[in-house]
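Subject: Structure for you to look at

Dear colleague,

I am passing on the structure we talked about, and my notes on it follow below. Please read them with the coordinates open beside you.

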Amino acid sequence: MALKQTPSQTVGPFFAYGLTPEQYGYTEMSSIASGTMVSDDTEGTLIRVEGRVLDAEDTVVPDAMIEIWQADAQGRYAHPADSRSSNAGFAGFGRTGTGTNPENRFIFETVKPGPIGDGQAPHLNVIVFMRGMPLHAFTRIYFSDETSANDADPVLRSVPEERRQTLIGARQDGPGRAVYVFDVHLRGEQETVFLDA
């Protein structure tokens with residue numbers, strides 16, 4: 001008798017059914033989170049973060065899943081361990097699949113996070129899931145227009161200087177808001193720096 005893999009032995013495709021059903025054509029189901037993290041009453045500077053997941057040959061991965069968790073515009077996390085005043089208007093969590101976009105991009109409509117007060121520059125915490133990956137990968141997105149904060153960030157400073165650019169989202173001006181472009185390179189010369197959880 002041959003044993004089969006179970007969901008705990010591989011990241012995908014098991015995550016598709018409940019987490020990003022839209023990219024697999026499950027129209028009767030909806031995701032429990034989305035890439036739209038803001039509403040009309042969200043405080044702060046609205047931004048868009050977009051990018052692609054690329055494999056070792058720089059081929060776009062059409063069915064990856066990206067999650068982000070971030071602080072709000074005042075640098076507060078929606079988490080019980082963050083004892084600062086409530087930020088109930090902003091959950092700070094988003095999830096989307098690259099297969100939900102015709103160009104296989106991930107797109108997040110969010111707010112630019114503020115500094116969290118411990119020397120860390122404004123950033124997004126990112127988790128990458130993909131078929132064939134035995135474990136999900138953690139990284140961060142920093143912002144290209146936060147140069148002085150980035151220079152002082154202890155996590156970014158722990159990365160070799162020649163590799164730091166793999167963690168920087170490049171600012172472009174979009175209609176009505178800034179757009180930060182950040183591609184996740186899984187391998188190769190431009191491989192994104194992945195962090196321990």
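Leaving aside its neighbours within four places in sequence, which residues is V53 in contact with? With those neighbours set aside, V53 is in contact with T59, V60, V61, A64, I66, T98, F106, M130, V184 and L186. Please keep in mind throughout that this is a predicted model.

V53 belongs to the largest nonpolar core, which has 26 residues, and within that core V53 and I66 are the ones that touch the most other members. Two or more residues of this core come from each of the elements β1 (46–54), β2 (65–70), β4 (105–111), β5 (123–129), β6 (137–143) and β8 (178–181). Another core, of six residues, lies apart from it, and its members include A121, Y142, L156 and V159.

On confidence, the chain has a mean pLDDT of 85, with 81% of its residues at 70 or more. Among the elements, the lowest mean pLDDT, 58, belongs to helix α1 (residues 16–19), whereas strand β9 (residues 184–185) has the highest, 98.

With best regards

Key:
Residues are numbered from 1 along each chain as its sequence is written. This is a predicted model: local features need pLDDT of at least 70, side-chain atom pairs count only at pLDDT 80 or more; totals for chains, interfaces and linings use all residues. Side-chain values use heavy atoms; hydrogens and water are left out. A nonpolar core is a set of buried Ala, Val, Leu, Ile, Met, Phe, Trp, Tyr and Cys residues joined through side-chain atoms within 4.5 Å. Buried means under 20% relative accessible area, exposed over 50%, partly exposed in between (1.4 Å probe, protein chains only). Helices (H or I, at least four residues) and strands (E, at least two) are DSSP runs, numbered from the N terminus. Contact means heavy atoms within 4.5 Å. pLDDT is the predictor's confidence in each residue, from 0 to 100.
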